[in-house]
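Hello,

Here is the structure we talked about handing over. My notes on the packing and the aromatic rings follow it.

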Amino acid sequence: MKYLVSIDEGGTKTKFCVSDLDGNILKEHTTGSTNYKSVGIKKTYENINNGFKKILKDLYIDYDDIEYTVFGISGCDSPNDYKIIMDEILKIGINKEKIYLANDAVLAFYAQADSPGLVIVAGTGSIILGIKEDGEIYRVGGWGYNFSDLGSGYDIGRKLLKKVLLYCDECHEYSDLFSCVLDFFGANSFEQLAYMITDINDNVEIANLASLVIDCAEQGDKLAIEILRESSTELSKLAQVILRKISNPMKMDKSEINIVLSGGTLNKTVYVQMLMNNLKTENTDKNLKFISQENQPVYGGIRLAMALANRRVKHG
């Protein structure tokens, strides 16, 4: 009997999933982070190795019984990233010809849909990946908080804090949203709030403000709506680049294009609606199908492994 393995490598934990060749889930296991940028090369190897040892032992199998393995890797962007990860994986004893490495957003897409399509991930950060019918992958965004990640929770939170600081400097008109920020941080005054904001050194703390902006927008706050409209427009423009790349202009019919919406920021109705409206307006010639992320990305790795094992998807 042969097996398929999917590994969703995250910044805080790594999920292993094993199935038979028909995709029936047989075993799941979770280990620590395997993001080498977060925990280092040594710990990355240890967690991958320990995870494999656990599932092999529990199923009474060895590496020769694995038909295909898909790794979805958080923060894996450059060719050098892939080389570093592959070198560590090969030390474990897996056949290189039966390994596929991809950004973890690819797993998120296949967990919900089939190609062609794209996945828009907007949580703390953001990235958009598009997948053509032949499996070829394109990406935009996701280059880090300081320079990229438009439309993300961090991006929305940063826009809000810039407005708050302008108000503290008497350079922006008052908005009820600012009082919500005051309460959010537990500040006694806007003078104190300004110093609290400049002391923030955690990207996640800034990203958490996105929920505040979305909640206020749903209550009709004009500034909150303005911030979300700007971020959703930027995100939709990035998605538009990918749509052009994966669309087949030779097809006369309006073939369905799946758009998977993933990440905590896109769980909020008003922001998602803005994004979808933008994309619908810009793509009246296309049949867009929007799908919310419900299944765990690790299951997408199993679906992709099934396709790769049958050589139905291009192996990058």
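A nonpolar core here is a set of buried Ala, Val, Leu, Ile, Met, Phe, Trp, Tyr and Cys residues joined through side-chain atoms within 4.5 Å; buried means under 20% relative accessible area, exposed over 50%, and partly exposed in between (1.4 Å probe, protein chains only). The model is predicted, so local features need pLDDT of at least 70 and side-chain atom pairs count only at pLDDT 80 or more, while totals for chains, interfaces and linings use all residues. Residues are numbered from 1 along each chain as its sequence is written, and side-chain values use heavy atoms, with hydrogens and water left out.

The largest nonpolar core has 51 residues, and Leu 118, Ile 120, Ile 128, Leu 160, Leu 193 and Leu 228 have the most contacts inside it. Helix α10 (residues 222-246) gives the most to this core, with ten residues; helices (H or I, at least four residues) and strands (E, at least two) are DSSP runs, numbered from the N terminus. A second, separate core of 25 residues includes Tyr 100, Ala 102, Leu 129 and Leu 304.

Rings of Phe, Tyr and Trp (its six-membered ring) pair if their centres lie within 6.5 Å; planes under 30 degrees apart count as stacked, over 60 as edge-to-face and the rest as tilted. The count comes to ten aromatic pairs. Phe 16 and Phe 52 are edge-to-face, 5.5 Å centre to centre with 85° between the planes. Phe 16 lies in strand β2 (residues 13-20) and Phe 52 in helix α2 (residues 41-59), so this pair ties together parts 36 residues apart in sequence. Both Phe 16 and Phe 52 are buried.

Regards
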